Amino acid sequence: MRALRLVTFLSAVASGAVLAACASDAPMTAGPRASCTHVAWVRVEAGTPVVRPSWEAFRAQPMRAVGDGWYAASLTPPAGPQTYAIEVGGAFVVDPTIATTAYASIDGVAREVTWLDVARCASPALRFDEVTPRADAFTAQATFVAAEDGAALASATATLDGAPLPVRVEGATLSLSSACALGRHRLVVEATDAAGRTTRSERSFLATAPFAWKDAVIYQVMVDRFRGADGLALPSLATPSARAGGHLDGVRRALPELVAMGVNTVWISPVYAAPAGTFPGRDGRPYSGYHGYWPISARTVEPTYGGEAALDALVSAAHAASVRVVLDVVPNHVHEQHPYFKAHPTWFDKEACLCGDAACPWNAGLLPCRFAPYLPDVEFRDPAAFDAMVDDVRWAVDRFALDGVRIDAVPQMPRAASRRIVHALARLDPTALTLGETFVGPGGYPGLRHFLGPGGLASEFEFPLMWALRATFAEGSATVQDLGKAVEASRDALADTGAVMSLMIGNHDVPRFASVVVGDGGRDGFSPAPQPTDPDVYLRTGLAFGLVFALPGMPTIYYGDEIGLAGGGDPDTRRPMPAEAGWLEPQRALRTRVARMAKVRACSAALRDGDVRVIASDAERLVVARKAGGRIVLAVVTRDDRGKLEGPLPADVPPGTWVDLLSGAKKVLGARAVWDEPARTVRYYAPDGDPCAAGAGGV
Amino acid sequence: MAVLAFGATTGCGDPGDAADPILVPDVGSYDGGNFDGGIYGDSATPTDGGGTDTAVDTKPVCDDTLKRCAAVFTYSGAATTVELRGDFRPDGWTKGEPMTKDGTGTWTVTVPVPYAIPVQYKLVLDGTNWITDPANPEKAPDGFGGQNSLRAATTCTDFTCAEPDVPKPGVFDWRDAVIYFVFVDRFLDGDSSNNGSKISGVDDAGQYMGGDWAGVKKKIDEGYFETLGVNTLWITVPYNNANDYGGLGVGGDPHRYSSYHGYWPRDVSKTEPRFGTLAELQAMVAAAHTHKLKVLFDYAMVHMHDSAQVYKDHKDWFHASGCICGSGSCPWETTGDRCWFTDYLPHWNFKVKEARDYSVGNAVQWIKDTGIDGYRLDAIKHVDGSWLTDLRTRVETEITPKSGQRFYMVGETYDFGNRDYLKSFIDPKTKLDGQFDFPLRLKLLQSVLTRKAGMGELASFMDGNDGFYGSSAVMSTWIGNHDLGRVIHMAEDTPMWGDPYSDGKDRAWSSKPGLPGYRAPFERLANAFAVLFTNKGAPLVYYGDEIGLPGAGDPDNRRLMQWTGYSTDQQWLKDRIAKLLGLRAAHPAMRRGIRKTLSVSNDLWVYSLTTTGDTVYVAINRGDTAQTASALPAGSFTELVEGGTVSSGVSIPARQTRVFVAK
């Protein structure tokens, strides 16, 4: 964090120039020390900015020009969450060096202001530099930051999951390490300085084999619609909008088969307590709260899903199987039965304008609209509301030992909200996934970018790529070459965001891919779309998965898409997962292909880490080169094979014999490559002898 | 790097050196932009964050029709000279490419061949010996009873771009066709002596109404079609029908109809007497040709009427009776190739070679007897594919060498969604030149007429649709036809039918619609025609739609053509169509050009069309308020629809199209 770096720098400088002795003769730290000052920065084109700190009732203070349009002011904030505004020429701006913001009422108007959680400079602090888990052990290192008076570290203790852990101290550096079981652990370190003041800091980490989110394969489960508590398939629904009876135990029991399919992360739909009965949708038909997106409680798990016990059991079993758990959270709104609504009316929108109405059109930006009259929208300009919604997310991740969150309705909230959630989670586990749902249309990269970047979300759903996959493989309204261009556009538009995107062929808000193929995508959600019998539907679904598993990011499988489950609009797109006994042969074959793709991807660093280059494409074929270090894979997706595609290989792709990692088939590539693969095929070619080939030791 | 000194900190520290340097932080250059702002006003961080510049792509970009791939041809035999001849170039059969011997004694030449199109070729040894390529097993019929070598279609990543071809003056190309569908029985009664008598039991709307070829010829001679700006006539089925039979409608329709439409053939070797004699038919076609109009006949190959002698004599040439389309065991979707549309229409079985030879032979004979220029093939998906490939082979063998002109075949496959299926019938070498673009019609209807979708959706559909059927396909694009409620009613303020797939038959017999009495529907229909007339394809005008003729579904959408007493709105529409077709004829960019969207919003679509030597800009406002076209390039433009000089920022009135060329 910027502030921290400055503090370090300041302190390093300050400590260099030695100081007159203090009242105490406690030994001085050789390491960094806290500073009571915080420097506020801003860069302006014109005008003279002033800084208005909340702890001084927002009274304006001058800033000093530093040159080049930069201004700075040295502030002395009290400890705890604080805010300050910067005003220039009547406009309010935020400090660009601090990612987190909040809203404060200044002169009667709610303004976005810089937010930071100030450490107590009269106390020491502990700063974790790194926590490195492995499957059976971990190491960690922390730095003791002395209080402003510089008193040195006197003693330090630590616990792992409550049990004592030795700490090695060298100067101001604390090192810890220990064996530990698979799963999530809590590390707490306490340090006392020479003046007897104590500080405590904690981290949560997941011990697994080496993992980064770029290696994730996510399975999206809608809890009510997946499996019953006994792990068996749910009965079919008389009314598509009724509860199906899905249970968290059903998700837990499915873990072994998900792991066998290559899944290493499960994203579960929201588990807040939900209202009983039904409420009218925009179409006037009754809907139950089966989906979980209507919270009536901040911190209770829906009893019909199995309550807290079932969620704990799921997370525990998942971690033991090296599967991560990502929970869907809904900070944007509550159901009107939620206690917050009655207790804190000011936390919610005043005029219930319905999103999509003439007064609140979808494309007019962030208006405080409600999704439905009974879903009050959180008013983030109320600081108490803002803090409560962020803290509820932090609480859930902490309480249930989760590995990340999927954040619902990101663009319906101010960007400040998702940034503060990222910040709150990072304090406990900086590796926690923050996967935001920013629902955009084709080419909607500006919207996606807005919420990513430094201090922003770690991940979002790649909706533009999803639309392009559907247009090319499901609808047939775009060429495979168009899809190649979409792949390149995705790469270029997101390159500097640092994000790891979730790649999907569909989700719970759009008609099922298989139904779009046969033209049932427009079907009303209460008139169930038939399960297609034409094997070609599943081959086309396989093409879409084939490209998803060959691109950088986190392939994300919406439950059922691995068997080409049918479904029209909402709620038919969320029909119960059918029992395996009823799957058609082409459905099984699709799932087997997807599992194979996941297995090869898990083996191949080129597929997970490589750069992306489209090296050949035409209306029906796409060849994408993925290169990482010395490894290379050519992903070839062929929609139709009425002709062939030729062209010179790039200089760094060697001619010779290549092997398809998926099937083992060999292909000889000359200097002028000829792509003549059969229709509806996916190939992941690697140079012959690649360890990830079928039957080779690695796969 | 700027430096700032700060005053003292509190606490035990030294007050601090006034010269303590503090570095301006590096905030990076990430630019998350503004996301609609919204009432919260997400602050864009006040840095100078800039986006990353993407490198300029220097690869050539051109339409698939202009792309060329380098293809190597070789010959390893003995010869003094070897030349490559083939259709890799328009004049490639007459003017070949000499091959040269390489170091190993192999003759070789590299030529650019069209992208994604198979190439037929031969090698000419020593100037006189034409042979197929011995090293290539792939062959195709050469139209003279022999075979050519066939190089399969390839695409390539290292294509070059050929110059766009400009239409040669005086040479007809089907990409320049504008088709007018003449529903003969309802067009004009030119000779009442051949009208025949009414058929008992048949409702008035289903009776023959007297239109004939003499009437069509009259309008040809008057110049009706050239004035309107069409150049191709699609004439309903000309051969003898069961013209004394009153048949119940398809699928349980309780009304009775005559065969006025021509789709109930009784004797395909004779003309239909109620339309005229063979001599009159030939005279009509000749008159059309004199007026530089091409003629397509409707050919109905799916079934015969059960009174046909050929059915009585050869029941084994037909699929068994007892399977009626839409009945329990014979759904349309799965038995469409053999089910009978009604119990009096036996379905041909073209897997039987004699049956196929009979029918294809007949189709070819009509061409020879009348000199027509193409066929519209009714319900082509309902017959075995061999009928179509046989017809194309015979046409290329027996007709094209003599006429020297491409014989155009457009198919009717009634499907608004499945483009892959439509495409499966299209291959100018062996099957159709194109089909009626049903999927485009749906999008055009929804974006321009019923306004349920925005112009953006139409634009992006067309961007993906333009090349979908292949670079040498010529699709017939349309907005109204004889199987749906008259399109003027879908252009009303409230579309008459909410369901875009509705056939409009619910009002065909009662509550029949009247002529709209206000301008807006006519303007909207003109806009739809404007999209068709300013883009590639062979656009279709269904008789009567040029004057917004009213009517619900079949048979009410086949009312007698109205020739006089037009309302001002009807006249306005007709004049506007003529104006737009005049522009199409004058501007190759509209017929051959590459379209580029300059701006598109829900209501307004502005695009350019470019070909060598011609660039045109089109602005179509489907909204009910004026819109500003601000995406035109800098400079002055002449507006071609209403006249005048304009520049970017010009206002496009509600429900209007404007066309611009740079001054």
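## Basis of the description

Two residues are taken to be in contact when their C-beta atoms, placed from the backbone, lie within 7 Å. The model discussed here is predicted.

## Helix α9 of chain B

Helix α9(B) covers residues 438-449. Nine of its twelve residues are buried, so the helix is mostly covered. The buried set consists of P439(B), L440(B), R441(B), K443(B), L444(B), L445(B), S447(B), V448(B) and L449(B). These buried residues pack against three elements of chain B, namely α8 (419-423), α10 (455-465) and α11 (520-533).

The length of α9(B) agrees with expectation: at 1.5 Å a residue, its twelve residues should span 16 Å, and its end C-alpha atoms are 15 Å apart. Just after the helix, R451(B) adopts a positive phi of about 60 degrees.

## Packing of α6 and α7 in chain B

Helix α6(B), residues 353-370, packs with helix α7(B), residues 385-403, at an angle of about 40 degrees, and their axes are 10 Å apart. Because of this angle, α6(B) is oblique to α7(B). The crossing of α6(B) past α7(B) is right-handed.

On the α6(B) side, the contact is made by R356(B), S359(B), V360(B), A363(B), V364(B) and I367(B). The α7(B) side contributes S386(B), W387(B), D390(B), L391(B), R394(B), V395(B), E398(B) and I399(B). By class, the contact comprises eight nonpolar, two polar and four charged residues. In an α-helix, residues three or four places apart point the same way, because there are 3.6 residues a turn.

Note on methods:
Residues numbered from 1 in each chain as written. Chains lettered and ligands numbered in written order. Predicted model: local features only at pLDDT ≥ 70, side-chain atom pairs only at ≥ 80, totals over all residues. Axes fitted to C-alpha atoms, helices over the stretch in contact; angles between N-to-C directions. Helix = DSSP H or I, 4+ residues; strand = E, 2+ residues; numbered from the N terminus. Parallel < 35°, antiparallel > 145°, perpendicular 65-115°, else oblique. Left-handed = near helix turned anticlockwise from the far one by under 90°. Nonpolar A, V, L, I, M, F, W, Y, C, P; charged D, E, K, R; others polar. Expected span 1.5 Å × (residues − 1). Buried ≥ 20, exposed ≤ 12 C-beta atoms within 10 Å, placed from the backbone.
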